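Please look over the sequence and the model below before reading on.

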Amino acid sequence: MDCPYLDVSGDFIKNGITFTDLNSDGAIEVTVSYQLNCTGAIEPSKIKTILRDGKTKFAIRGESLVIPVGHEPFGGERTLDKELLKPSNGLYRKHLESVWDRIYIKKMR
């Protein structure tokens, strides 16, 4: 993350971490979400949510939706891995989107 003259921080998002068996194969899938921030202004955080199923990895990448009090919201864009668009990966996509929807809003006071 490029943040000239600003402090950079990163954190795991606790409610973006899950352990599931979406495909009922007896193996656990792990989902982890984290955010990267530049401090110094009100800006969206960079967010990535990753699901690992063995050697298979899927991700949603984007930024938080910032909702400043008294101002228009901004940010909130996201991009899904191309593999998530395949119908055979619908369970993974649905799960990752539900995790994303839980974590991507950043309300400002």
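What span should the 14 residues of helix α1 have at 1.5 Å a residue, and how far apart are its end C-alpha atoms? Helix α1 (residues 90-103) should span 20 Å, and its end C-alpha atoms are 20 Å apart, which agrees; the expected span is 1.5 Å times one less than the number of residues. This is a predicted model, in which local features need pLDDT of at least 70 and side-chain atom pairs count only at pLDDT 80 or more, while totals for chains, interfaces and linings use all residues. Residues are numbered from 1 along each chain as its sequence is written, and side-chain values use heavy atoms, with hydrogens and water left out.

**Overall make-up**
- The protein chain holds one helix and nine strands, in the order β-β-β-β-β-β-β-β-α-β from the N terminus; these are DSSP runs, with helices (H or I) of at least four residues and strands (E) of at least two, numbered from the N terminus.
- Of the 109 residues in the protein chain, 35% are buried, meaning under 20% relative accessible area with a 1.4 Å probe, protein chains only.

**Helix α1**
- The buried residues in α1 are Tyr92, His95, Leu96, Glu97, Val99, Trp100 and Ile103.
- An α-helix has 3.6 residues a turn, so residues three or four places apart point the same way.

Notes:
Buried means under 20% relative accessible area, exposed over 50%, partly exposed in between (1.4 Å probe, protein chains only).
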